[in-house]
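Hi,

Here is the structure I said I would pass on.

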Amino acid sequence: MFPVLAKYRQAFLIGLQSNLVYRWNFALRGFFSLFHLVVVFILWSAAYEGQTTIGGFDLAQTMTYFVVLLMMQFFIGAFNEDYQISEEIRNGLINQFLLKPVNYFLYRFSIFLAARLVSGLLILIPLAVAYPFLHDYLSLPDEAWRLGLGLPAMLLAALIQFSIAYCFGLLTFWFLEIQGFVILSLAVESVLGGQIFPLDLMPDWVFRLAQYLPFYYQMYFPVAIFTGRIDQALAVQGLGIQLGWVALLLVFNHFLWTRGLRRHTAVGG
Amino acid sequence: MLHHLQIWLASARYSVTRTLMFRFDFFLWATVELVWMGVNLLLISVIYGHTDSIAGWSKYEMMLLVGTAMLIQRLLFGFFWSSLFDTARNIRSGHFDFFLAQPGNVMFMTTTRKLDLDSLVNTFVAAGVVIYAAVQLGLQPGPGDILLYLLMIGCGLLIHYSALVLTISLAFWITNAQGLEGSYFTLFEFSRLPRQAFKGAANVIFVWALPAVIVSNIPAHTLLHGFEPRYALWLFGATVAWFALACTVFNRGLRRYSSASS
């Protein structure tokens with residue numbers, strides 16, 4: 001058991017080192033994300049003028065949603081894993097994994113975890129700088145169960161994020177260029193994942209339908225648990241559905257990998 | 001002038017031929033942009049499902065503003081984005097030498113080389129959004145108003161172009177500022193907000209210091225409320241100032257360029 005984990009631990013450590021090299025890129029991206037937060041604040045402040053709540057939540061609760069969302073994007077969001085996997089397939093770098101006792105999914109997932117650890121910790125710096133301006137608009141619930149359910153939801157959301165990126169990366173077995181598909185999917189994921197606006201502001205039937213799609217669980221779900229937008233019963237039920245989506249995506253990833261390898265031609269080293 | 005127009009037409013012909021060779025890519029990217037425009041409109045629709053006004057702007061006024069911002073963005077992407085993005089990369093890699101040997105103004109040659117037809121196709125969709133919003137608002141602009149609006153869109157395009165030239169010119173000084181031009185997307189988000197929503201420091205930075213807000217707000221305001229000389233002067237003045245600054249900084253940077261080692 002432990003020797004098996006040891007090789008992925010090494011992959012994690014290598015991922016940590018290589019991502020620390022790009023710390024300034026992450027920091028720059030984090031800084032520009034603060035501009036996005038400014039846009040969100042200006043837009044929603046203007047929308048709240050003349051009313052205390054929108055969709056049952058006040059301005060502080062909505063701003064808290066977007067701040068936690070931003071943190072979550074840097075802690076669990078897939079950045080460019082799809083392109084990295086695509087590049088490794090196109091350049092033939094995956095050939096080495098076909099000859100070694102290394103599971104490619106686990107190898108890439110270990111690197112993904114390392115990358116998100118670095119980017120997640122780095123986003124805390126611009127957020128700490130912005131905290132004096134933000135603290136009046138932060139309103140986090142203090143129920144302990146939210147942490148107990150939110151953390152596993154966050155981990156499963158990371159798995160869904162990575163699995164979807166992995167699927168798109170594997171499309172390189174069939175298509176030379178995947179960028180268009182990725183950005184198209186990003187639009188759907190952003191809307192149905194609650195990254196453009198809180199999903200609960202959608203008409204009720206759309207919100208209920210979204211709860212059966214994987215996108216709901218890749219970002220909105222953990223953020224909604226942490227920020228008090230969903231209750232305990234819905235959170236427990238959601239965890240079950242989220243687990244189901246993780247299992248389904250893992251099976252689908254394996255299917256794509258085995259079918260893709262049949263089309264793959266390894267040339268040279 | 002005519003000479004540069006002939007060069008631009010030759011580049012445009014090349015871009016069209018290239019697009020026809022990669023038809024699937026064209027349809028895919030046109031769809032990608034269309035969907036993202038839909039996302040922006042959806043955000044407006046969702047917020048107005050819960051409120052009647054954002055900073056005094058009604059739903060269709062806001063839609064007209066967002067449509068105007070999208071129109072400028074599509075034109076920028078269609079005419080300049082790829083070339084500008086390549087320029088920064090070429091400066092870093094040394095491939096910029098190729099443009100120095102070309103028979104025309106360097107800034108013109110390097111920033112107008114490629115057309116993205118998928119973005120240009122979507123300008124019609126953005127224009128459709130503006131027209132739809134105008135019809136819903138019962139606006140009946142005369143030919144003069146429409147001409148002025150289009151002129152202001154041209155100014156907005158030139159301001160964005162100038163700001164992007166300034167951003168990529170940084171590559172002459174900072175060779176490892178890779179990806180900075182990609183972050184320019186963030187500034188577009190401010191263009192979709194009504195000017196009245198900006199208060200305090202945000203008003204000073206994004207309305208007065210940076211041109212992010214006025215490029216879309218002044219044309220939209222003109223279409224909604226008619227010609228106001230002070231706003232028109234503000235926009236035209238900003239266009240001249242930003243374009244002059246972009247030309248100066250680009251040419252200064254050009255003097256520093258020393259091929260691959262730049």
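What do the buried residues of α9(B) pack against? Bear in mind that this is a predicted model. The partners come from both chains: α2 (23-48) of chain A on the one hand, and α8 (185-191), α10 (214-225) and α11 (229-256) of chain B on the other. The buried residues in question are Ala202(B), Phe206(B) and Val207(B), in a helix that runs over residues 201-209. Because they cover an arc of only 85° around the axis, they sit on the same side of α9(B). The other side of that helix has Ala201(B), Val204(B) and Trp208(B), which are exposed.

Setting aside neighbours within four places in sequence, Leu184(A) is in contact with Leu28(B), Thr31(B), Val32(B) and Val35(B). At 22% relative accessibility, Leu184(A) counts as partly exposed.

Next, the second largest pocket. Its volume is about 630 Å³, and 20 residues line it, with Leu34(A), Val38(A), Phe41(A), Phe133(A) and Leu134(A) the closest to its centre. Two helices of chain A, α2 and α6 (104-134), each supply at least two residues of the lining. α2(A) gives the most, with nine residues.

Over all chains the count comes to 54 aromatic pairs. One of them is Phe112(A) with Phe162(A), a tilted pair at 5.2 Å centre to centre and 40° between the planes. This pair links distant parts of the chain, as Phe112(A) is in helix α6 of chain A and Phe162(A) is in helix α7 (residues 144-170) of chain A, 50 residues apart. Both Phe112(A) and Phe162(A) are buried. For an edge-to-face example, go to Phe172(B) and Trp173(B), at 6.5 Å centre to centre and 90° between the planes. Here Phe172(B) is buried, at 2% relative accessibility, whereas Trp173(B) is partly exposed, with a relative accessible area of 39%.

Phe112(A) and Phe162(A) also belong to one aromatic cluster, whose members include Phe97(A), Tyr104(A), Tyr166(A), Trp174(A) and Trp257(A).

As a reminder, most residues other than glycine have a negative phi. Ala55(B) is in the loop between α2 (23-48) and α3 (59-93) of chain B, and it is buried, with a relative accessible area of 12%.

The other one is Gln211(A), in the loop between α9 (204-210) and α10 (214-227) of chain A. Is Gln211(A) buried or exposed? At 10% relative accessibility, Gln211(A) counts as buried. Leaving aside neighbours within four places in sequence, Gln211(A) is in contact with Tyr216(A), Tyr217(A), Leu234(A) and Ile241(A).

Cheers

Note on methods:
Residues numbered from 1 in each chain as written. Chains lettered and ligands numbered in written order. Predicted model: local features only at pLDDT ≥ 70, side-chain atom pairs only at ≥ 80, totals over all residues. Heavy atoms only, no water. Buried < 20%, exposed > 50% of the residue type's maximum accessible area, 1.4 Å probe, protein only. Helix = DSSP H or I, 4+ residues; strand = E, 2+ residues; numbered from the N terminus. Arc of directions from axis to C-beta. Contact = heavy atoms within 4.5 Å. 1 Å grid on protein atoms, 1.4 Å probe; cavity = no way out; pocket = protein on both sides within 12 Å on 5 of 7 lines; lining within 4 Å. Points joined across faces, edges and corners; volume = space filled by probe spheres on them. Phe/Tyr/Trp six-rings, centres within 6.5 Å; stacked < 30°, edge-to-face > 60°.
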